[in-house]
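Reader: I would like to go through this structure with you, starting with a helix and its end and then moving to the ligand. Could you take my questions in turn?

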Amino acid sequence: VLSVSARPIDTASGRRGAVAVFHDITDRKRVETELRGFAGVVAHDLKAPLTLVSAYAELVAEALDDLAAGAGAPTLGQARQGTAKVLHGAARMQRLITELLDYTAARDATLRIERLSLPTLVDDVVTTRTDAPEQEPGARPDVFVGPLPEVHADPVLLRQVIDNLVGNAIKYTPPGQSPRIDITARTDEDGGVRIRIADRGIGIPDGEHAAVFDSFHRASNGAAHPGTGLGLAICRRIVERHGGRIEAAPNPGGGTIFAFTLPGAATHAPEPLRSAESQ
Ligand code: ADP
């Protein structure tokens, strides 16, 4: 995207002319869009729970005052309900703040590329996710993991990518249906690895697959599920910083396939590796 600014000039020789300056405003537009998204998220996802938290905290305080004055029993139940709402609201805000920080960290953190066992990493993510206390027994994900190679990547950041993708596969499966996730990978001749995470969830409507990687973007069919639209933007940042690409496509069996690439060790480290001492 270009913007043009121009002004007339008179040269010393008396000739008249104009100077036109072309500015590439793609970055500025992206920052503006990001700021608008950020303002929306702060207004909606932080302000709303904060208002609830304050209101319920006040209610709890009143109930405690009543209790202290000996008027207690009928309001105690309300107080319990109030604390539950406060904790729920606080957890929502914590999640959002963590995602906002992860989004910044995905851009700024120094990459520490290591040789990693993808099977161990995937196993760790899947176990953490499937054993999560909030998982209902009937909705435990059914995860198939194919043979996975070693990769060269930053362990913390790569874990975040896989965790976001597996988490979404679970979240965007209709309630009451057990999530089905297939995780496979293949190595190219040049040592690069392509990792594929396929689900049988609600899918992404046609024409929206590319946009879901934009920050704060949520697909038109996803509103029933809580979210900020930052998870996939974090994934894209991390994958691109490794020199790879990430994309989404419809799963022919229903659902979505996310695939991302990581270059092989021989290709190059996309950024100079810094030793731990120089941090
Ligand atoms: P969030 O889930 O917090 O909204 P993400 O950036 O992780 O944010 O995802 C962006 C959007 O992409 C989601 O709001 C949802 O509409 C869509 N999406 C992501 N993963 C899936 C999936 N596995 N199945 C269907 N839709 C998905």
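Author: Gladly. Helix H1 is followed by glycine 70, whose phi is positive, near 85°. Please bear in mind that this is a predicted model.

Reader: What span should the 43 residues of H1 have, and how far apart are its end C-alpha atoms?

Author: H1 covers residues 26-68, and at 1.5 Å a residue it should span 63 Å. The end C-alpha atoms are 61 Å apart, so the two values agree.

Reader: Where does H1 bend?

Author: The bend is at lysine 47 and amounts to about 30°. A proline, proline 49, follows within four residues.

Reader: Which residues of H1 are buried?

Author: They are Gly37, Val41, Asp45, Leu46, Pro49, Val53, Val60 and Ala63. An α-helix has 3.6 residues a turn, so residues three or four places apart point the same way.

Reader: Let us turn to the ligand. Which residues come nearest?

Author: The ligand has 20 residues around it, and the nearest are Tyr172, Asp199, Arg218, Thr228 and Leu232.

Reader: How much of the ligand does the protein bury?

Author: The protein buries 99% of the 520 Å² that the ligand exposes when taken alone.

Reader: Which elements give two or more residues to the shell, and what is its make-up by class?

Author: The elements are helix H4 (155-171), helix H5 (231-241) and strand E9 (256-262). H4 gives the most, with 3 residues. By class, the shell has 9 nonpolar, 8 polar and 3 charged residues.

Reader: Then H4 deserves attention. Why is H4 described as largely enclosed?

Author: Of its 17 residues, 12 are buried, so H4 is largely enclosed by the rest of the structure. Among the buried residues are Leu157, Gln160, Asn164, Asn168 and Ile170.

Reader: And how far does H4 reach from its first C-alpha to its last?

Author: H4 reaches 24 Å, close to the 24 Å expected at 1.5 Å a residue.

Reader: What happens at the start of H4?

Author: There, a side-chain oxygen of aspartate 154 comes to within 3.0 Å of the backbone nitrogen of valine 156.

Definitions and conventions. Residues numbered from 1 in each chain as written. Predicted model: local features only at pLDDT ≥ 70, side-chain atom pairs only at ≥ 80, totals over all residues. Heavy atoms only, no water. Near = heavy atom within 4 Å. Areas by Shrake-Rupley, 256 points an atom, 1.4 Å probe, with all protein chains shown as cover. Nonpolar A, V, L, I, M, F, W, Y, C, P; charged D, E, K, R; others polar. Expected span 1.5 Å × (residues − 1). Bend = angle between axes of the 7 residues up to and from the residue. Buried < 20%, exposed > 50% of the residue type's maximum accessible area, 1.4 Å probe, protein only. Polar contact = N/O pair within 3.5 Å; in protein donor to acceptor, adjacent residues only side chain to side chain.
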